[in-house]
Amino acid sequence: MGCYECCMRCLGGIPYISVVATLLCFSGVALFCGCGHQALTESERLIETHFTRDHQDYITLAYLIEYFQYIIYGLASFFFLYCIILLAEGFYTTSVVRQSFGEFRSTVCGRCISTTFIVITYMLVIVWLLVFCLSALPVYFIYNMSNTCHTINFLSETPSSINQLCIDARQYGLLSWNALPGKVCGTRLSNICKMREFSLTYDLYVAAFAGAGMTVLALIHCPLYLTARHLMFRHRRREEKEEMRRHTLFSRMIHEDRGALCSPYDNEV
């Protein structure tokens, strides 16, 4: 085997679809976990500084943010291992199967592993769709806050109407209704939107939302490929069994025909 044939064989054994899905999943999870963790920290500081006066008013929110950050740690660890398994499954269904069992053959254990992996991946798709929807809520809150600030800057010549434009964190469920002041209005709200911390928090939430979307795309992309590959294996196995049955039947017919024929030289002897 020459160098060119060897290179083509190595390149043909690379599961490009699984590699793309793995990289997309790695990038999405890393973006969601990293940006989401920092965005939660900045949000806690923002609410603590501008929306409340007493620590007891946002103690529940602080506990929720802490719990979500621990969940992010678990997601990062789990999907690091999951992406490695995803890539290994892609290599298993290409080079190992072709070299060991032929082009379209696989073992019973391999089929069971692939089926289990597909089911788990579909379950993860449902979970990440929920995460994707939930990650849109803080983006919606920050967007409304930024839009209100834009309106305040546009109506800066009429101070009376500016003071009526407010953002109430209690309406979004971020604080209890007993929290004071719980809302920010007018020029003070506009000054908050001009802070670097606010812009950073906005960008982090958008990045985390995009990371969740990338992860959903990767998880949808992966089971579709594995399902198609699994169906192709099953179809090819049926064809091989049918071809083997026809070959056995044809060999049996030839054997029976040969046994029924007699040599014309036996009578002369």
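The largest pocket has a volume of about 900 Å³. The model is predicted, so local features need pLDDT of at least 70 and side-chain atom pairs count only at pLDDT 80 or more, while totals for chains, interfaces and linings use all residues. Residues are numbered from 1 along each chain as its sequence is written, and side-chain values use heavy atoms, with hydrogens and water left out.

**Largest pocket**
- A pocket here is an open set of points on a 1 Å grid over the protein atoms alone, where a 1.4 Å probe fits, with protein on both sides within 12 Å along at least five of seven lines.
- Its volume is the space filled by probe spheres set on the points, which are joined across faces, edges and corners.
- Lining residues have an atom within 4 Å of a point.
- Of the 31 lining residues, L40, F68, L134, L137 and P138 are the closest to the centre.
- Helices α2, α3 (59-101), α4 (108-154) and α7 (196-260) each give two or more residues to this lining.
- The lining has 24 nonpolar, six polar and one charged residues. Nonpolar covers Ala, Val, Leu, Ile, Met, Phe, Trp, Tyr, Cys and Pro; charged covers Asp, Glu, Lys and Arg; the others, Gly among them, are polar.

**Overall chain**
- The protein chain has seven helices and two strands, in the order α-α-α-α-α-β-β-α-α. These are DSSP runs numbered from the N terminus: helices are H or I of at least four residues, strands E of at least two.
- Of the 269 residues, 35% are buried (under 20% relative accessible area, 1.4 Å probe, protein chains only).
- Of the contacts (heavy atoms within 4.5 Å) between residues at least 6 apart in sequence, 79% join residues at least 24 apart.

**Helix α2 (residues 16-50)**
- T22 lies in α2 and counts as buried because its relative accessibility is 5%.
- Beyond residues up to four places away in sequence, T22 touches C83, L86 and L87.
- T22 and I84 are 62 residues apart in sequence, with 7.8 Å between their C-alpha atoms.
- H50 is also in α2; at 14% relative accessibility, H50 is buried too.
- Leaving aside neighbours within four places, H50 contacts V184, R188, I192 and M195.
- H50 and P181 are 131 residues apart along the chain, yet 8.8 Å separates their C-alpha atoms.

**Helix α6 (residues 186-193)**
- G186, L189, S190, I192 and C193 are buried in α6.
- They lie on the same side of α6, because they cover an arc of only 155° around the axis (taken from the directions from the helix axis to the C-beta atoms).

Note on methods
Buried < 20%, exposed > 50% of the residue type's maximum accessible area, 1.4 Å probe, protein only.
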